[in-house]
Amino acid sequence: MALYTLARVDVLCLDKTGTITEGQMNVENVLYYNDKAETNDIISYIISLDKEQNSSMEALTKYFTSGQQNTFELVS
């Protein structure tokens, strides 16, 4: 019954362990409400500050890391 119901789902949210999947997460689509380039730069900067490497961070790094040196400064 669970798989039959799952066939009607448009969005599936998973915990960061990826227990419903094969253990790998991927970012497939991002909906932007502001400037895409600026948002990507900000997210890339936040990712560069996070020292915890887990499936979520690996997926975000693959998608958002631009390779650019950003000019943001951490204030607090």
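Rings of Phe, Tyr and Trp count as a pair if their centres lie within 6.5 Å. The views below come from a predicted model.

**View 1. The aromatic pair of Tyr-63 and Phe-64.** The ring centres of Tyr-63 and Phe-64 are 4.9 Å apart, and their planes stand at 70 degrees. Planes over 60 degrees apart count as edge-to-face, so this pair is edge-to-face. Are the two residues buried or exposed? Tyr-63 has a relative accessibility of 35% and is therefore partly exposed. Phe-64 has a relative accessibility of 6%, under the 20% limit, and so counts as buried.

**View 2. The contact between helices α2 and α3.** Helix α2 covers residues 36-49, and helix α3 covers residues 55-64. Which residues of α2 and α3 meet? On the α2 side they are Asn-40, Ile-43, Ser-44 and Ile-47, and on the α3 side they are Met-57, Leu-60, Thr-61 and Phe-64. Sorted by class, this contact has five nonpolar residues, three polar residues and no charged residues. Phe-64, listed here on the α3 side, is also one of the two residues whose rings form the edge-to-face pair of View 1.

**View 3. How α2 and α3 are arranged.** The axes of α2 and α3 are 10 Å apart, and the helices pack at an angle of about 140 degrees. An angle over 145 degrees would count as roughly antiparallel; α2 and α3 are therefore oblique to each other. The crossing in which α2 passes α3 is left-handed.

View 4. Ser-48 belongs to helix α2. Along the chain, Ser-48 and Thr-65 are 17 residues apart, and their C-alpha atoms are separated by 8.3 Å.

**View 5. The chain that holds these sites.** How many helices and strands does the chain have? There are three helices and zero strands, and along the sequence they follow the pattern α-α-α. The chain has 76 residues, of which 14% count as buried. Among contacts with a separation of 6 or more, 60% are between residues 24 or more positions apart.

Technical notes. Residues numbered from 1 in each chain as written. Predicted model: local features only at pLDDT ≥ 70, side-chain atom pairs only at ≥ 80, totals over all residues. Heavy atoms only, no water. Helix = DSSP H or I, 4+ residues; strand = E, 2+ residues; numbered from the N terminus. Axes fitted to C-alpha atoms, helices over the stretch in contact; angles between N-to-C directions. Parallel < 35°, antiparallel > 145°, perpendicular 65-115°, else oblique. Left-handed = near helix turned anticlockwise from the far one by under 90°. Contact = heavy atoms within 4.5 Å. Nonpolar A, V, L, I, M, F, W, Y, C, P; charged D, E, K, R; others polar. Phe/Tyr/Trp six-rings, centres within 6.5 Å; stacked < 30°, edge-to-face > 60°. Buried < 20%, exposed > 50% of the residue type's maximum accessible area, 1.4 Å probe, protein only.
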